Structure formats: C-alpha cells, structure tokens
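Below are some short notes on the side-chain contacts, for use alongside the coordinates.

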Amino acid sequence: ITIGNHVNVGGGTLITDTDAHPLDWEDRRNNTGKVLSAPVIIEDDVWIGAQCIILKGVTIGARTVIGAGSVVTHSIPADCIAAGNPCKVLRKN
C-alpha cells in the first residue's frame, strides 16, 4: 500500500491489498494459502471520508475526494469527487 503526501483518511477506513482468503472453497478448506493480492496506490492530496473500504488493486488519483462510507472496488481518476457502493465518479473538478 502506497500513500502519497498530504492524504487525509477518515476514521474507520479499511485499506486492504489482499482478499485475505481464497475465493475457492476447496482452497479455503485445505488452507492452501492461495490468496490474491494487488497493490493499492493513493496519490497526493487525496481526501478519503470516514468508514470507507479501499480494496486491492485500486489507484486513487491525486486531489480526488472519496465520500464517506464508499466501497472503492476499482481505480478512480485524479481531480474528481467519487462516492457510493460501489464507488463511482460523481463530478470531475
């Protein structure tokens, strides 16, 4: 997980770079350790509201605002306001 300069993160936010468990039931039962991971990049001057969930493989572009309670499942470009579940761009600055 890479967090840029001047990033504000609201309380209760979860940032994860892994699924933490295999999706296949046999892998879970046999504890094979096959867990998918992907980097998370949060660029400079991003503001993430409280209680957000940022999932693996996501990049949040510079100067973007993520609304409180959002679930970020895919990358969000720079210079916008995004929110929701799943998080989507609401307005570009």
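1. Arg-63 has a relative accessible area of 44%, so this residue counts as partly exposed. The model is a predicted one. The side chain of Arg-63 meets that of Asp-79 in a salt bridge, with 2.6 Å from N to O. Arg-63 sits in the loop between β7 and β8 (65-66), and Asp-79 in the loop between β9 (71-72) and β10 (80-84); the pair links distant parts of the chain, 16 residues apart. Asp-79 is also partly exposed, at 28% relative accessible area.

2. A salt bridge also joins Lys-56 to Asp-19, where the closest N and O atoms are 3.2 Å apart. Lys-56 belongs to the loop between β6 (53-54) and β7 (59-60), and Asp-19 to the loop between β3 (14-15) and α1 (25-30), so this contact ties together parts that are 37 residues apart in sequence. Lys-56 is partly exposed, with a relative accessible area of 27%. Asp-19 is likewise partly exposed, at 22% relative accessibility.

3. The count of salt bridges comes to two.

4. A search of the whole structure accordingly gives zero disulfides.

5. Both cysteines of this pair are buried: Cys-52 has 1% relative accessibility, and Cys-87 has a relative accessible area of 1%.

Definitions and conventions:
Residues numbered from 1 in each chain as written. Predicted model: local features only at pLDDT ≥ 70, side-chain atom pairs only at ≥ 80, totals over all residues. Heavy atoms only, no water. Salt bridge = Lys/Arg side-chain N within 4 Å of Asp/Glu carboxyl O. Helix = DSSP H or I, 4+ residues; strand = E, 2+ residues; numbered from the N terminus. Buried < 20%, exposed > 50% of the residue type's maximum accessible area, 1.4 Å probe, protein only. Disulfide = S-S within 2.5 Å.
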